[in-house]
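Colleague: I have the sequence and the coordinates open. Can you walk me through the model, one point at a time?

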Amino acid sequence: MSANGPAQLVSYSFWGVLVAGSLWDFCDECIPNVLIGSWGGVSALVLVVAIWGSKKALQGVLVADMVLSMVILSMYIFHDPHYISTMVYNVAADGTFKKIEGDVEHWFTVAMLVWMTIHSAYLANLIQRQELESRRFHNES
Amino acid sequence: MNLEALMPVLIALVGSAGLWGFLSTKAKQEHERRLLQEGKSAEFNETLKEQVESLNQKVDKLVVEKEELLKAIADLRAELAEARATVQHLEAVVRMRSDFRG
C-alpha cells in the first residue's frame, strides 16, 4: 500500500459520514433516511475495514460506498420539490422570507455527491491496482 | 414504488456498474500489459546473457592465441639474432681470408 493510501481512506471515511449527516432529513419520502444512514454506516465501515480488514473486503466496501453515493446523487438530482412536504424558510432582519435551500446550495450538494462518488471509485480502483501490482511483484498471475 | 421513483436508482446502478467495469477493466489491462512487458524484458535479458557468455569464451580463446603468437615471435627473434651473429662471423672470416691472400 502506498504512503498516501491509508490517509486517504481515513479522510474519505470521515467525509462520508459528515456528508451523509448533512443530507439527513432532506426529504425522507424521496431519499429515505435509512438509505442515507446506510451510506454513512458504509463510510464508517471503510475506516474499520481499512484498519482491521483485508484488501479484498476494503475494495468491496468502497465499491458498495460508490454505488450508494451514486444512488443518492441520482435521487438528489432527480428530486422534484413537492409542496406536500415541509418547506423551511428563514425570516430575514427586514421581515422577508428566504427559502433555506437555494441554487448555490443545490449545486454545491451535487458537486459534493459527485466528488464522493468519484473519490470512492478512485479508492476502490487504487486498492485493486495495488493488489494487481502486489501479485506481479510476487510472480503470481 | 412506481417506475418513476425507481428510475434514479436504476440509472445510478447502471452508471456505477459501468464506471466500476471501466475502471476495473482498465486496471486489469494495465496489469496484463506490464506482465507482458516484464516477460519480454526477461527474454531480452536472457538473450543478452547468452551473448555475453559466448563473447566471453571468444575473448578467452583469443587471449590464449595471442600469448602463443607472442611466444612464436620471441622464438623467431632469437633465431634471427643467432643467424645474424653467424652471418657476421662468417663475413669476418671471409674478409680475413681475402686480406691474407691479397
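Predicted model: local features only at pLDDT ≥ 70, side-chain atom pairs only at ≥ 80, totals over all residues.

Colleague: How many of the residues of chain B count as buried, in percent?

Modeller: A residue needs 20 or more other C-beta atoms within 10 Å of its own to count as buried. Chain B has 102 residues. The share that counts as buried is 3%.

Colleague: What is the mean pLDDT of chain B?

Modeller: In chain B, 98% of the residues reach 70 or more. For the complex, the predictor gives an ipTM of 0.76 and a pTM of 0.68. The mean pLDDT of chain B is 91.

Colleague: Now chain A. What pattern does chain A follow along the sequence?

Modeller: Chain A holds 4 helices and 2 strands. Of its 141 residues, 30% count as buried. Read along the sequence, the pattern is α-α-α-β-β-α.

Colleague: Are H2(A) and H3(A) roughly parallel or antiparallel to each other?

Modeller: H2 of chain A covers residues 33-52, and H3 of chain A covers residues 55-77. They pack at an angle of about 155°, with their axes 9 Å apart. Angles over 145 degrees count as roughly antiparallel. So H2(A) and H3(A) are roughly antiparallel.

Colleague: Is the crossing of H2(A) and H3(A) left-handed or right-handed? And how many residues of their contact are nonpolar?

Modeller: H2(A) passes H3(A) in a left-handed crossing. From H2(A), the residues in contact include A:Trp39, A:Val42 and A:Val46. From H3(A), they include A:Val61, A:Leu68 and A:Ile72. The contact has 3 polar residues and 1 charged, and the nonpolar count is 15.

Colleague: Where does A:Cys30 lie, and which residues does A:Cys30 touch beyond four places away in sequence?

Modeller: A:Cys30 lies in the loop between H1 and H2 of chain A. With 16 C-beta neighbours inside 10 Å, A:Cys30 counts as partly exposed. A:Cys30 and A:His79 are 49 residues apart in sequence, but 6.9 Å apart in space, C-alpha to C-alpha. Leaving out residues up to four places away, A:Cys30 touches A:Met75 and A:His79.

Colleague: Is A:Asp25 buried or exposed?

Modeller: A:Asp25 is found in the loop between H1 and H2 of chain A. Its phi is near 65°, a positive value in a residue other than glycine. A:Asp25 has 10 C-beta neighbours inside 10 Å, so it counts as exposed.

Colleague: How many residues of the contact of H4(A) with H1(B) are charged?

Modeller: The crossing of H4(A) and H1(B) is right-handed. H4(A) brings residues including A:Arg129, A:Leu132 and A:Arg136, while H1(B) brings residues including B:Trp20, B:His31 and B:Arg34. By class, 7 are nonpolar and 4 polar, and the charged count is 3.

How values were computed: Residues numbered from 1 in each chain as written. Chains lettered and ligands numbered in written order. Buried ≥ 20, exposed ≤ 12 C-beta atoms within 10 Å, placed from the backbone. Left-handed = near helix turned anticlockwise from the far one by under 90°. Contact = placed C-beta atoms within 7 Å. Nonpolar A, V, L, I, M, F, W, Y, C, P; charged D, E, K, R; others polar. pLDDT = per-residue confidence, 0-100. Axes fitted to C-alpha atoms, helices over the stretch in contact; angles between N-to-C directions. Parallel < 35°, antiparallel > 145°, perpendicular 65-115°, else oblique.
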